[in-house]
Amino acid sequence: MQPYATWKYVVLILVMLLGAVYAAPNLYGEDPAVQITRVSGDPLPADFGELVGKTLTAEGITPALSELESQQWIVRLGDETAQLKTADALKRELGNDYVVALNLASKTPTWLRKLGAKPMTLGLDLRGGVHFLLEVDIDDVKKKAVERYLNDLPAFLRKEDIRYVGRHQSADAVLLDFAEADKLDAARKALAREYPELALNVPTATPLTLEARMSDQEAKRIVDFAVKQNLTTLRNRVNQLGVAEPLVQRQGQNRIVVQLPGVQDTTRVKDLLGATATLEYRAVDDGDANGAAATGVVPVGTELFYTRNGHRPVLLKKDVIAAGSQLTDAQSTVDQDGSPAVSVTLDGGAAKKMFEFTEKNVGKPMAVLFKEREVVTNYNAKGEPIREHRDVEEVISIATIRGVFGKRFQTTGLQSKEAYDLAVLLRSGALAAPVDIVEERTVGPSLGADNIRRGFQAAVLGLTLVMVFMIVYYRVFGFFAIAALVLNIVLIIAGLSILQATLTMPGIAGMVLTMGIAVDANVLIYERIREELRDGETPHAAIEAGYDRAFLTIADANVTVLIGTVVLFALGAGPVKGFAITLALGILTSQFTAIVGSRSLAYLVFAKRKLKDLPIW
Amino acid sequence: MSGGHPPPAQPGLHKFRKLNMRIFAKVPNINFMAQRKTGLWVSSLLSVGVLLLLLFRSLNFGIDFTGGVLVEVVYPQTVELDAVRQDLGAGGYANAIVQYFGGSNDVLIRLAPEDKSNSAAISSKVLQALGAEQKGVQLRRIEFVGPQVGDELTVNGSLAMLFAFIGIALYIMFRFEWKFAVGAIAALIHDALMVLGFLSLFQVEFDLTTLAAILALIGYSNNETIVIFDRVRENLINQRKGTIYEVVNLSVNQTLLRSVITHVTTLLVCTALYLLGGPSVHSFAISMIVGVIVATYSSIYVSTGLAIVLGVSREDLLPPKEKEIDEMP
């Protein structure tokens, strides 16, 4: 028998080492921790550590560790009571500009973390938390858009002095009736120029009617806008919840997944997700804002607000030029000079008012007031949390009117991040498309803990049963198979950790199933060895033949299981995706461990011995 | 498949003595293929039976597919289901299905899907109706699935099964031959049907995890078929004597032990899952257990049997090159 090539041993040892290193973080466990970030997403101030330290000392809390870890401030604590106390103290001290969240921080040592080794993430079914699937009402978005055109198009025609005799709405189109064909032609030309996003045509049955319909592209764009708008709004709101590692992600064309690990109070989450925001364009009054703020006496016809950045007082006129519901688009772009800007589109009614206003007020400032009704948690004298509705009204932008404009305009003179933030805020204040919760899954912490315990126990029992069976049946070769199986499990865990895939309950089931399936490769090989022995091969030749001949069969069999898992992955709803990943990973690694791993061991033990027979039943 | 090992030069007597010490020392010699027609008939009848069962009894679909609300709560002490029903009735949920789940203080509440208006709020209202806060009732989980999401999953799940079948058929056609592919797919459909029949007969809940088990099973059950087909091909190449019928019989016998052992290990882990994995993987484990048992039968009688009935021949499997060599002498 040829000794097994040295390089194969080297590869095997390297894989074992890599597997061990990347699987290791899962062994270290987690510290209860408090995680702090800024609501705005900006980096924390330089002296933040001192502030946290002072607060903790005042409360008599000694953290295990308090430091900046990848742009978040993490305070690690000895136990959960201290964790809650710390979080409460920091929430009170830091106010609503910071997100203070409870978290579990991995105890992975620094040298491992430097190698990029991280523990697996646990799915909601294992750690507890809520999962929402929200659906943006596309039909409503489209209907509103058509309604807007139903107002805008006639207004535009009147301005252009083209006479129409009637307007009405069919399912997804605006119909305009004309008295004469040349009026219709003129309207068609003018509309095509002003509204390139509309598809215009004349139905053959009614030659004097112009039908304006959103092009597919435009329909797709407005739906896209509505979903993005909801995404940003939801992200902002989720930030206020104080959840570590929240997930707000688009799924498919019009759905949004919100996952909040560790959150139990779903009523509160639903309140928050349903909060409403709007905005108003208003004229800035040139009265003495500082004086008004100091005395509390506000000039007639104005209101006092503060800016979001810097909290400076501003006096705004009461009259609203345009409201959020009239804003149809807001994008951060670059202007002609290539500097950052936000481009805004208004609907017909607001465009008219904006035109009239800017005509008279060039050179004067105009402000955007952001209003949000949100649920906040405050603390009463006894330190008990009280949930309250709070109206937030802040000035998010003040800009000087440079010219006369209506439907479309730009806000310039911004840094690129400012432009981005303003566009996000404008979008979240624009009329949000209605969102329905179409799926909810909440898992309580006790169920999550139970699931982990059960999964672990089942895995241990499964492994033990397989081990006993293999060793009793195949003796020494059984040990090889078990060694390969254990390496396989280490590699699956390492693989899941590297991919940062989520471990779910079905994922654990997949891992347990893999144990049963993975030894199949070894069974195939060993049965083959026995057959070769039966046919009169020498033990060494039988081992070689067994491994060589079984290889393709194992590969063939594994491919078909993989086909099933790929399909399952594509079907992909959360936990089941975890199952597919685990099973696929387990089958791929088993192809390596069952063949290369167990073969190396068999050769190591038997290659240099003289054998009359093999200890294989 | 490399070969070419020098033949052994061991004395026959010595070999005989040694080998007799092994369990299952001989390749069994069961004439499986003799009953192939009976096997196919039994399978066909069973499949029709299952189809009728599915038609009239249907599956006990979980809320993943039907949509609806499911709330699991734990009471601090044993609770009477009637008391829970009363609380729910007072809260306006008189038609909720209430049952114990694991213990007499663990209660599962199911509500049928309503119209989509604000159904997400139902779960909160149910907790309110139970008086959760006053009675110290602890929430274990809430699942709410809107009807449209359930419908989509039904469509996607069926599509997933279809794609898995097609993918596996293509692979077997590529690796073997169409008659084998037909046999393999028939076996897959057979296995999936039998598991569905079992789930329907015992009204085991069919949720997304169960679907995952069936898809995994489709891949796994095919495993068997492939191992047999592989051996059939190998034997056809190596032994030019014997009819196709004899070669298949030999191959089935040769791989029988391996099938049994693999199934034992898989059954062991699935049993472990069933016993300790908790209710959330019950239907998964049960489906796997039933499927693994059925797969042993179907890999012999359905896939291989059908391939023979379809008239698979020696030439179908031999790669062209080898055939030339065969014909040379």
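The model is predicted. In it, 70 residues of chain A are in contact with 68 residues of chain B. An open sheet of 8 strands includes strands from chain A and chain B. Within chain B, helix H9 (residues 208-238) packs with helix H11 (residues 282-309) and also with helix H7 (residues 147-175).

**Domains**

- Chain A is divided into domain 1 (6-25 + 444-606), domain 2 (30-106), domain 3 (139-219) and domain 4 (275-440).
- Between domain 1 and domain 4 of chain A, the C-alpha centres are 59 Å apart.
- Chain B is divided into domain 1 (27-61 + 150-327) and domain 2 (68-145).
- The C-alpha centres of these two domains of chain B are separated by 42 Å.

**Interface between chains A and B**

- The contact joins 70 residues of chain A to 68 residues of chain B.
- On the side of chain A that touches chain B, two or more residues each come from helix H9 (266-273), strand E21 (435-443), helix H13 (445-474), helix H15 (505-534), helix H16 (539-571) and helix H17 (574-606) of chain A.
- H16(A) gives the largest share of that side, with 18 residues.
- By class, the residues on the side of chain A that touches chain B are 36 nonpolar, 17 polar and 17 charged.

**The sheet across the two chains**

- The strand order of the open sheet is E11(A)-E12(A)-E6(A)-E21(A)-E5(B)-E2(B)-E4(B)-E3(B), and the pairing is antiparallel.
- Strand E11 (247-251) of chain A and strand E3 (97-100) of chain B stand at the edges; each has a single partner strand, so one side of each lacks a neighbour in the sheet.
- From one strand to the next, the twist averages 20°.
- E21(A) and strand E5 (residues 138-145) of chain B run antiparallel and are joined by 5 bridges; in this pairing, Thr442(A) has Ile142(B) as its bridge partner.
- E21(A) also pairs with strand E6 (residues 129-136) of chain A, in the antiparallel sense and over 8 bridges; here Thr442(A) is the bridge partner of Val130(A).
- H13(A) packs on the sheet, where it touches E21 of chain A together with E5 of chain B, and its direction makes about 90° with that of E5(B).
- In chain B, helix H4 (residues 81-90) lies across E3 and strand E4 (106-111), running at about 150° to E3(B).

**Helix packing in chain B: H9 with H11**

- The axes of H9(B) and H11(B) come within 8 Å and cross at roughly 30°; the two helices are therefore roughly parallel to each other.
- Their crossing is right-handed.
- Residues of H9(B) in this contact include Ala213(B), Leu217(B), Tyr220(B) and Glu224(B), and those of H11(B) include Phe284(B), Met288(B), Gly291(B) and Ala295(B).
- The contact of H9(B) with H11(B) comprises 9 nonpolar, 12 polar and 1 charged residues.

**Helix packing in chain B: H7 with H9**

- The axes of H7(B) and H9(B) come within 11 Å and cross at roughly 5°, and these helices are therefore roughly parallel to each other.
- H7(B) contributes Leu153(B), Gly157(B), Ala160(B), Met161(B), Ala164(B) and Ile168(B), while H9(B) contributes Leu208(B), Leu211(B), Leu215(B), Ile218(B) and Asn222(B).
- The residues of the contact of H7(B) with H9(B) are 9 nonpolar and 2 polar, with no charged residues.

Note on methods:
Residues numbered from 1 in each chain as written. Chains lettered and ligands numbered in written order. Predicted model: local features only at pLDDT ≥ 70, side-chain atom pairs only at ≥ 80, totals over all residues. Axes fitted to C-alpha atoms, helices over the stretch in contact; angles between N-to-C directions. Helix = DSSP H or I, 4+ residues; strand = E, 2+ residues; numbered from the N terminus. Parallel < 35°, antiparallel > 145°, perpendicular 65-115°, else oblique. Left-handed = near helix turned anticlockwise from the far one by under 90°. Contact = placed C-beta atoms within 7 Å. Nonpolar A, V, L, I, M, F, W, Y, C, P; charged D, E, K, R; others polar. Pairing = 2+ DSSP bridges. Domains from an automatic or database assignment.
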